[in-house]
Amino acid sequence: MSTTRPYPPGDLGPEPGSAGASAAPAAATPAGQVRRLRLAGTRGAVARGRDFARQALHDWGWLPAVGADQRAAAEDVLLVVSELVTNACLHAEGPEELRLRCSAKVLHLEVSDLGTGSPAPRSPHRPGRPGGHGMFIVQRLCLDWGVVRNTDGTGKTVWAELAAPS
């Protein structure tokens, strides 16, 4: 898990145009908009999560992609959603909810579950071995990721952040 972030999970740092931020033009993304999908007890949670994320990316103007960078960013988001929801299905009694929050520079996603374990990239990573690559993929594609335990002691939220397309 990364510990290099200069601000806590969910704090996306300064918005474009504020002090300390680049003057890059804002995308068509509604700043701070949150999308939630309840997954508890549903069948086909991975496909539903991916379809839900795809629709959000379409609504936010990431899809259809107008260039290679935008296409790669959208594909990375869909892959990370798939990996985190799959991990909740396989290792944590199933996902409870998928949340997506987008700003002009970062897409923050969360998958909550009732499991007790903590995801971690398998070490050492063995690319030729089947299975066990999910968190390695998340670690490679994301700006940062982590786990927040629920305050009541049951379950957790696995979160990840990806850069918005330039």
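Mentor: Let us begin with Glu93, which is exposed, with a relative accessible area of 69%. Exposed means over 50% relative accessible area, buried under 20%, and partly exposed in between (1.4 Å probe, protein chains only). This is a predicted model, in which local features need pLDDT of at least 70, side-chain atom pairs count only at pLDDT 80 or more, and totals for chains, interfaces and linings use all residues. Residues are numbered from 1 along each chain as its sequence is written, and side-chain values use heavy atoms, with hydrogens and water left out.

Trainee: Where does Glu93 lie, and what is its phi?

Mentor: Most residues other than glycine have a negative phi, and most peptide bonds are trans. Glu93, in the loop between H2 and E2, has a positive phi near 65 degrees. Helices (H or I, at least four residues) and strands (E, at least two) are DSSP runs, numbered from the N terminus. As for peptide bonds, a cis bond joins Leu63 and Pro64, with omega about -5 degrees. Pro64 belongs to the loop between H1 and H2.

Trainee: In what order do the elements of the protein run?

Mentor: From the N terminus on, the order is β-α-α-β-β-α-β-β, with 3 helices and 5 strands.

Trainee: How many bridges join strands E4 and E5?

Mentor: Two strands pair if DSSP finds at least two bridges between them. Here 6 bridges join E4 (residues 144–149) to E5 (residues 156–163), and the two run antiparallel. Asp144, for instance, has Glu161 in E5 as its bridge partner. The hairpin has 6 residues between the strands, and Gly153 there takes a positive phi near 90 degrees.

Trainee: Which residues of the largest nonpolar core touch the most other members?

Mentor: In soluble globular proteins, nonpolar side chains tend to be buried together. A nonpolar core is a set of buried Ala, Val, Leu, Ile, Met, Phe, Trp, Tyr and Cys residues joined through side-chain atoms within 4.5 Å. The largest one has 34 residues, of which Trp62, Leu84, Leu100, Leu107 and Leu109 touch the most other members. Helix H2 gives the most to this core, with 9 residues. Contact means heavy atoms within 4.5 Å. Leaving aside residues up to four places away in sequence, Leu107 touches residues including Leu57, Trp60, Trp62, Val77 and Leu100.

Trainee: Is Glu96 buried or exposed?

Mentor: Glu96 is buried, with a relative accessible area of 17%. This residue lies in strand E2. Not counting residues up to four places away in sequence, Glu96 touches Leu37, Arg38, Leu39, Ala40, Ser112, Asp113 and Leu114.

Trainee: How many disulfides does a search of the whole structure find?

Mentor: A disulfide is a covalent bond between the sulfur atoms of two cysteines. The criterion is a pair of cysteine sulfur atoms within 2.5 Å, and the search finds 0. As for individual cysteines, Cys142 is buried at 11% relative accessible area, whereas Cys89 counts as partly exposed at 37%.

Trainee: What share of the residues of the protein counts as buried?

Mentor: Of its 166 residues, 40% count as buried.
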